[in-house]
Amino acid sequence: ALACVRLTGSGLLLRSFLKLLDVDLGFQPSQAAAIRIDSPDADDPALRGPRLREMLSRIQSLPGVESAGVADMLPLGRNRTWGLAAKGVVYPKDVIPIAVVRIVTPGYLGAMGMRIRSGRDFTWADAPRGQPVVIVNQAASRRFWGIQDPVGRTALVNGNETRVIGVLVNVREHNLEDSPGPEMYLPVTQAEPEGAELVVRTKLALSALAPAVMSTLRSLNPRQPPAEFRPLET
């Protein structure tokens, strides 16, 4: 009888695990890896953008690199929330106008294999003193704009008027079990990041690519500490 109970429990656990393997993450972890980098100009938006742009240009020119980008936080890792709402809309008390926020460079969404449902990605033309812009996910679009397409509309990000330029397919930001909640992405040229994770998409083995990437990072920033690539699949 005890063996029967254990066997049944093991079967249920295995079935739950297999169901998690079929979950749509909203990004493609295969053939991509991340490495934590030192960003010496993180506090100065006027310098942060040009430095990261130069770094990514050099990384993307390395043999075997298909795409690259930087984010301050990766999915299924650290999280924090900022205020997000549609301008001029009053929400019921049960709708909390907040969203998980990621601060990213142009190219990050592509390097992660994320999919833009409508609108556009960030570009380096989204300058520090230009029109503030934001990309929201499908969950944020539905919660704060309903059936309307938010692209081109004005959002309030921590109370500041910001133009919505894109809607992203939902990404699992907390875990695999819970449904995705509201999420937004801001460009590194207009918001202050909390760290920097370089994501590289490549078909090469990480052992073959890592020395060239680390050499490039240290040529731009001698203070870059030793770090190892972490496959996104892990």
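**View 1. The second largest cavity of the predicted model.** About 30 Å³ of space lies in the second largest cavity, where a cavity is a set of points, on a 1 Å grid over the protein atoms alone, at which a 1.4 Å probe fits but cannot get out. Grid points are joined across faces, edges and corners, and a volume is the space filled by probe spheres set on the points. The lining, meaning residues with an atom within 4 Å of a point, consists of Arg172, Glu173, His174, Asn175, Asp178, Ser179 and Pro180. By class this lining has 1 nonpolar, 3 polar and 3 charged residues, with Ala, Val, Leu, Ile, Met, Phe, Trp, Tyr, Cys and Pro counted as nonpolar, Asp, Glu, Lys and Arg as charged, and the others, Gly among them, as polar. This is a predicted model, in which local features need pLDDT of at least 70 and side-chain atom pairs count only at pLDDT 80 or more, while totals for chains, interfaces and linings use all residues. Residues are numbered from 1 along each chain as its sequence is written, and side-chain values use heavy atoms, with hydrogens and water left out.

**View 2. The largest cavity.** A search of the whole structure finds 2 cavities of 30 Å³ or more, and the largest has a volume of about 40 Å³. Of the 12 residues that line the largest cavity, Ser39, Leu52, Pro193, Gly195 and Ala196 are the closest to its centre. Two elements, α2 (45–60) and β2 (65–71), each give two or more residues to this lining; helices (H or I, at least four residues) and strands (E, at least two) are DSSP runs, numbered from the N terminus. The lining residues of the largest cavity divide into 8 nonpolar, 2 polar and 2 charged.

**View 3. The largest pocket.** The largest pocket, with a volume of about 430 Å³, is an open set of points with protein on both sides within 12 Å along at least five of seven lines. Its lining comprises 20 residues, of which Leu74, Pro75, Leu76, Leu232 and Thr234 lie nearest the centre, and the elements that give two or more residues to this lining are β1 (32–36) and β11 (230–231). By class, the lining of the largest pocket has 12 nonpolar, 2 polar and 6 charged residues.

**View 4. Leu198 and the nonpolar cores.** The largest nonpolar core has 39 residues, and those with the most contacts inside it are Met55, Ile59, Leu84, Val136 and Leu198. Such a core is a set of buried Ala, Val, Leu, Ile, Met, Phe, Trp, Tyr and Cys residues joined through side-chain atoms within 4.5 Å; buried means under 20% relative accessible area, exposed over 50%, and partly exposed in between (1.4 Å probe, protein chains only). Not counting residues up to four places away in sequence, Leu198 touches (heavy atoms within 4.5 Å) residues including Ala33, Ile35, Met55, Ile59, Val70, Val213 and Leu217.

**View 5. Gly119 in strand β5.** Gly119 lies in strand β5 (residues 116–119), and it counts as exposed because its relative accessibility is 52%. Leaving aside neighbours within four places in sequence, Gly119 is in contact with Val151, Ile165 and Gly166. The C-alpha atoms of Gly119 and Val151, which are 32 residues apart along the chain, are separated by 6.2 Å.
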